[in-house]
Amino acid sequence: MVENARSLNIVAGLILIVGMVYILGPLYLTLTTATQSYEFVLRGGLAWYPGDQFFNNAMRIFTETRIPIQMLNSGIVAFGDALATCVLSFLSAYVLVFFRIRWAGFAFAAILATIMLPLDIRVITTYQVASNVLSPINALFDVTGLNGLIANAFGAPVRLEWSVLNTHLGLIAPLVAHGTGTFLFRQFFRTLPADLVKAARMDGAGALRFLVDILLPLSRSNFAALFVLTFLGGWTQYLWPLVASSTPNMQTAVVGLARLLPDSDGAVPDFPMIMAGAIVVSSVPLLMIALLQRYLVRGLVLSEK
Amino acid sequence: MNAIDTAIRAAASSITLAGISKSYDEGAVVIPPLDAELRAGEFTVVLGPSGCGKSTLLQMIAGLERVSAGRILIGGREVQDLEPKHRGIAMVFQNYALYPHMSVFDNMAYSLKVAGMAKAERIERVNAVAAMLGLAGLLERKPGQLSGGQRQRVAIGRAIVREPGVLLFDEPLSNLDAQLRHDMRIELAELHRRIGATTVFVTHDQVEAMTLADRILILNKGRIEQFATPREIYHSPASVFVAGFIGAPPMNLLPVKGDGAVLRLADGRAVAECRLSGAFQLGIRPEDVLLADAPAADAVRATVRYREDLGSHSVLSAGLDADTGLRIATPFGFDPGSAGEVFLRLPSDKLHLFDAETGRAIPKRLQQ
């Protein structure tokens, strides 16, 4: 709908401006605060105008905090999450769409459920599993009564232990268990003509060749879209890295940023440095969005279909 | 003639369908047991209305659908349990199904590459086929940059580059516009004359069937209604279904009763002589109905309902009574006069009689 009434244009413009101020205001304050000195904040008040201390503050992030190593952690987590999600989603969508499996509908429903049950609401059970990945096997031994027999024979029941807490694997794996990527690939595969797979079969290509020669090249931009989306999601994760990492050197940058606040009550946080840190940490996803915007938009459009 | 023509001609194999059937788990029978023999080098068109099982039949020959029972022999070899690639066949799909990310060359060479053919030989083969189909200048293009007709030719090239014993077509012309469809039909006929591959061509378009086929296999609800040359199909249809399916406009069908001397319409008027008695369907082609000038003893009176002028001729729709009518092909612009009455004569040598109950044709020699 294109309206041409002048009054309507003015109102619409005003609404847009209010919205922009609402969103950009805090970002502006982040920027200006990051350019002021600690003393400026101590004197009180918000930094309404930029200062000249940004370089100083940013340098302190690199020299006085663990943000650099934590950014490396973030990178590993985001990259690992994105890569594993891409591979896993691609393969599971391939199976769901191109093979006649009786329980495919059930499998797909279960995958969709992960979208409706995000990690944030199952963080406690996920933590329990991560603290001992083998606990289900222990439980199985207990339930079947096998452990009683083993305890009688060897003097002690089987208690397997493998904790992935505070490891990169532990940070990544629960993030990968998310169905959006599978859904995205499934929707894409279903737009391909059904005869394509038949033509490949007639040409003598088996399931694997079809996957590698036909499907993979066709899915390139979907891979890029999903990779960017998942990378951004992994980089900005907060809750899971917060509970799953216990040492500062294992924490991700977003968690590290929050930890820059002083622990003791009453102390005024070094807001300029924290805000400079926020800018440094968000520069990576910002750069990514700037460079790969094309794929990001495509991915968002696809996942909404 | 070049190497690829002769290779395909030499590879052409016969197809024998021995009692093959297809049914699904839920008990729905798509194709009841069916027998047919397709000769080597023959162009067979499988024709039928939507949902008659013709695509299923083709996919079973191709190996894309499993047969529920029966045997398929290609070139005397049992193939019903083999993968498509081991059957010596190739297929052209309705929407071409070209690989969108590959160039025309790669599309055509893909099956050869999968089969492990050496690169030099691949290039030679693809170039020969491309030259034959007029695709030589387009080998570097992607399918998205081609017109509908060119894509169609690439799809055909992709099929024949493997020198298959059997070439399968699944409604390949239905996505093209009328003019292009006409051109491609002629191209296909020429190609078949040139390479002589055994061809099975599925369509619901009777014009394609009549013009392309050596023999037409007419399917209805999975059963073979008739398997014969286009000429036979048109001039002696084996059943009411075939009679009503072929021809534009299709054959007129009138319910009649025989009393041992003449065939009478429901209102008792005699329309033709015949020694048979019982209930029949009388069939006559619109172009076989003759118009008499004046009321005559052997002519039937009919009222003209409307006239369609088609340029080359006109088609009259005439009513014999309130329920039954027939269509008559007349010279262009025929004027039935102000009364709108015509007198029709149905020549007995042009009549087709079908059993009213089974719908099967009654042989000519029994009708006299």
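Guide: A residue is called buried if 20 or more other C-beta atoms lie within 10 Å of its own, with C-beta atoms placed from the backbone. Everything that follows refers to a predicted model.

Visitor: What percentage of the residues of chain B count as buried?
Guide: Chain B has 10 helices and 20 strands, and its C-alpha atoms fill a box of roughly 80 × 45 × 40 Å along the principal axes. Among its contacts with a separation of 6 or more, 63% join residues 24 or more positions apart. By the burial count given above, the share of the 368 residues of chain B that is buried comes to 40%.

Visitor: How many Å separate the centres of the two domains of chain B, domain 1 and domain 2?
Guide: The domain assignment divides chain B into domain 1, residues 3–235, and domain 2, residues 242–367. Taken over C-alpha atoms, the distance between the centres of these domains is 39 Å.

Visitor: Which elements of chain B each supply at least two residues of the side of domain 1 that touches domain 2?
Guide: The contact takes 6 residues from domain 1 of chain B and 4 residues from domain 2 of chain B. On the domain 1 side, these residues divide into 3 nonpolar, 2 polar and 1 charged. The elements of chain B that each give at least two residues to that side are β10 (223–228) and α8 (230–235).

Visitor: Which residue in the turn between β9(B) and β10(B) has a positive phi?
Guide: Strand β9 of chain B, residues 215–220, pairs in the parallel sense with strand β3, residues 43–47, over 4 bridges, and I216(B) in β9(B) is the bridge partner of V45(B). With β10(B), in contrast, β9(B) runs antiparallel and is joined by 5 bridges, I218(B) standing opposite Q226(B). The hairpin of β9(B) and β10(B) has 2 residues between the strands, and the turn residue with a positive phi, of about 50°, is K221(B).

Visitor: In the open sheet of chain B, which strands stand at the edges?
Guide: The sheet has 4 strands in the order β2-β1-β4-β5, with antiparallel pairing. Strand β4, residues 69–74, is joined to β5(B) over 2 bridges, and I74(B) stands opposite R77(B) there. An edge strand has a single partner, so one side of it is left without a neighbour in the sheet, and this applies to β2 (29–38) and β5 (77–78) of chain B.

Visitor: Which residue takes a positive phi in the hairpin of β12(B) and β13(B)?
Guide: Strands β12 (residues 262–264) and β13 (residues 270–273) of chain B pair in the antiparallel sense over 3 bridges, and V262(B) stands opposite E273(B). In this hairpin, which has 5 residues between the strands, the residue with a positive phi near 95° is G268(B).

Visitor: Leaving aside neighbours within four places in sequence, which residues is L282(B) in contact with?
Guide: With its sequence neighbours within four places set aside, its contacts are L254(B), V256(B), L263(B), V271(B), L351(B) and L353(B).

Visitor: Which helix supplies the largest share of the side of chain A that touches chain B?
Guide: The contact between the chains takes 14 residues from chain A and 17 residues from chain B. On the chain A side, α11 (194–202) and α12 (207–218) each supply at least two residues, and the residues of that side divide into 8 nonpolar, 1 polar and 5 charged. The largest share, 6 residues, comes from α11(A).

Visitor: How many Å apart are the end C-alpha atoms of helix α10 of chain A?
Guide: In α10(A), the buried residues include F183(A), L184(A), F185(A), F188(A) and F189(A). The helix has 12 residues, 180–191, and at 1.5 Å a residue it should span 16 Å, which agrees with the end-to-end C-alpha distance of 17 Å.

Definitions and conventions:
Residues numbered from 1 in each chain as written. Chains lettered and ligands numbered in written order. Predicted model: local features only at pLDDT ≥ 70, side-chain atom pairs only at ≥ 80, totals over all residues. Contact = placed C-beta atoms within 7 Å. Nonpolar A, V, L, I, M, F, W, Y, C, P; charged D, E, K, R; others polar. Expected span 1.5 Å × (residues − 1). Buried ≥ 20, exposed ≤ 12 C-beta atoms within 10 Å, placed from the backbone. Pairing = 2+ DSSP bridges. Domains from an automatic or database assignment.
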